[in-house]
Amino acid sequence: MAKHPIDTRQQIFQAACLLFAEHGYGNVSIRMIAEKAEVQLGSIYYHFENKDKLYLEVFRSVYDLDNALTYDVLLATEPMLFDSPEGKAYAIQRVVFDYFHRHVFTLETWKRRLIIRELFEQTPIFFRLVTEVLGGESEKMLQFYYVLVPGGSDSEAYYWSHLPDTQGLYYLMANGPIEAHYDKVFLDDLSRTIIKRTTSLMISMLDLPVPLMLE
């Protein structure tokens, strides 16, 4: 029985996810992906055109923004939050917590490996990744700062907006060694500490009241 096109595409995609995470972009060929997916070589070109586009598609699945809670979503659905210092602080908390739970604490192992590989072994399409995949949410966080601090410093805005990224990457890189030496209780406590301290810092930097739960 012939495979359904959707099944074939998914087989290719899943094989690519695992191979890119394990071996890195440069060490994975289209033929390797076809063999692991058990599909014809031409199927990959039919569904994804080339390796670059397949790699970008894999990264899009890591940074799925379809259900992201960004500032503009809150501004459209709960605009009253932006009318008071307490509301603004709560908006920051909502956005940052959402970021960590989507991009850091719940990531599958292969996704963590893929992100770390890209950081230390930047691919030829790194800048395409930044602009086409990673740039959207980073730009929204930057815009969030200017909504909260109209006319604020560009350097302060850049530092503030990237705090979740830097702390999230620290957690992803440290996760392996920590898991090898500590139990899940410690790991869970560390994740709570990171998200609370990061959020608290971002709120206090804007001279907004820090919620009691973050103190």
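**Close-up 1. Lys 51 over the ring of Tyr 25.** In this predicted model, Lys 51 is placed over the face of Tyr 25, at 4.1 Å from the ring centre. Tyr 25 itself counts as buried, its relative accessibility being 12%.

**Close-up 2. The aromatic pair of Tyr 25 and Tyr 55.** The count of aromatic pairs comes to 13, and among them is the edge-to-face pair of Tyr 25 and Tyr 55, with 5.0 Å from centre to centre and 65° between the planes. Tyr 25 lies in the loop between α1 (5–23) and α2 (30–37), whereas Tyr 55 belongs to helix α4 (residues 51–62), so the pair ties together parts that are 30 residues apart in sequence. Tyr 55 is buried, with a relative accessible area of 2%.

Close-up 3. Tyr 145 counts as buried at 4% relative accessibility, while Tyr 146, at 28%, counts as partly exposed. Both residues belong to a cluster, linked by ring pairs, that also includes Tyr 71, Phe 82, Phe 144 and Trp 160.

**Close-up 4. The surroundings of Arg 117.** Arg 117 is located in helix α7 (residues 109–120) and is partly exposed, with a relative accessible area of 23%. Leaving aside residues up to four places away in sequence, Arg 117 touches Phe 20, Ala 21, Glu 22, His 23, Gly 24 and Gln 122. For one of these, Ala 21, the C-alpha atom is separated from that of Arg 117 by 7.3 Å, although the two residues are 96 residues apart along the chain.

Key:
Residues numbered from 1 in each chain as written. Predicted model: local features only at pLDDT ≥ 70, side-chain atom pairs only at ≥ 80, totals over all residues. Heavy atoms only, no water. Helix = DSSP H or I, 4+ residues; strand = E, 2+ residues; numbered from the N terminus. Buried < 20%, exposed > 50% of the residue type's maximum accessible area, 1.4 Å probe, protein only. Contact = heavy atoms within 4.5 Å. Phe/Tyr/Trp six-rings, centres within 6.5 Å; stacked < 30°, edge-to-face > 60°. Lys NZ or Arg CZ within 6 Å of the ring centre and 35° of its normal.
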